[in-house]
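This report goes through one protein model, element by element. Please keep the sequence and the 3D view at hand while reading.

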Amino acid sequence: MKVTGHPRLYRRGARYYNRAAIPQDIQSTYPKAEETLSLNTSDYQEALRLVRKSATEVDEGFEKHRRWVSAQAKPLDKLTDEQIARLASL
């Protein structure tokens with residue numbers, strides 16, 4: 001059940017959870033449909049504090065996945081003259 005106070009805070013039974021949708025740009029390469037993590041508490045105020053921390057950690061995990069996907073991209077065989085000029089200007 002969705003709980004007010006934070007967009008990712010959910011309650012299942014007596015426990016609170018951080019439930020995050022996978023960003024669209026990584027959905028095709030991410031191994032899950034959503035991230036759901038127990039906050040291991042039944043106290044609402046404690047859950048609000050913990051969900052903020054947990055949401056930050058989940059977002060960092062999404063960013064780490066983006067960097068991993070980027071690193072897996074195949075390198076270019078050749079650069080165009082325009083690309084060479086742009087790199088030289090940097």
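## Salt bridges

Glu35 and Lys32 are joined through their side chains by a salt bridge, with N to O at 3.3 Å. The term stands for a side-chain nitrogen of Lys or Arg within 4 Å of a carboxyl oxygen of Asp or Glu. Glu35 is buried at a relative accessible area of 9%, whereas Lys32 is partly exposed at 42%. Here buried means under 20% relative accessible area, exposed means over 50%, and partly exposed lies in between (1.4 Å probe, protein chains only). The model is a predicted one, in which local features need pLDDT of at least 70 and side-chain atom pairs count only at pLDDT 80 or more, while totals for chains, interfaces and linings use all residues. Residues are numbered from 1 along each chain as its sequence is written, and side-chain values use heavy atoms, with hydrogens and water left out.

How many salt bridges does the rule give? The count comes to six. One of them links Glu46 and Arg49, at 2.7 Å from N to O. These two residues are three residues apart in helix α1 (residues 44-72), so about one helical turn separates Glu46 from Arg49. Both ends are partly exposed: Glu46 has 29% relative accessibility, and Arg49 has 48%.

Glu63 and Arg66 form another salt bridge, with the closest N and O atoms 3.3 Å apart. Glu63 and Arg66 also stand three residues apart in α1, which means a separation of about one helical turn. Glu63 is partly exposed at 36%, and Arg66 is partly exposed at 25%. Together with Asp25, Glu63 and Arg66 are linked in a network of salt bridges.

## Helix α1

Helices here are DSSP runs of H or I with at least four residues, strands are runs of E with at least two, and the numbering starts from the N terminus. Helix α1 has 29 residues. From its first C-alpha to its last, α1 reaches 41 Å, close to the 42 Å expected at 1.5 Å a residue. That expected span is 1.5 Å times one less than the number of residues in the helix.

Which residues of α1 are buried? They are Ala47, Leu48, Val51, Ser54, Ala55, Val58, Phe62 and His65. Their cover includes the strands β1 (9-12), β2 (15-21) and β3 (34-38). Leaving out residues up to four places away in sequence, Ser54 touches Asn18, Leu37 and Leu39, where contact means heavy atoms within 4.5 Å.

## The strands

Strands β1 and β2 pair in the antiparallel sense over four bridges. Two strands are said to pair if DSSP finds at least two bridges between them. Tyr10 stands opposite Tyr17 in β2, and Arg11 has Tyr16 in β2 as its bridge partner. The hairpin of β1 and β2 has two residues between the strands, and Gly13 there takes a positive phi near 65°.

Strands β2 and β3 also run antiparallel, joined by five bridges. In this pairing, Arg19 stands opposite Thr36 in β3. In a regular strand the side chains alternate between the two faces of the sheet.

Where is Asn40 placed? Asn40 is in the loop between β3 and α1. Asn40 has a positive phi of about 55° although this residue is not a glycine. Most residues other than glycine have a negative phi. With a relative accessible area of 63%, Asn40 is exposed.

## A nonpolar surface patch

Leu76, Leu79, Ile84, Leu87 and Leu90 form a nonpolar patch on the surface, and together they have about 540 Å² of accessible area. Patches are made of residues with over 30% relative accessible area and no salt bridge, with like charges joined within 9 Å and nonpolar side chains (Val, Leu, Ile, Met, Phe, Trp, Tyr) within 5 Å. Accessible areas come from the Shrake-Rupley method with a 1.4 Å probe, and for residues only the protein chains shown count as cover.

Is Leu87 buried or exposed? Leu87 counts as exposed because its relative accessibility is 51%.
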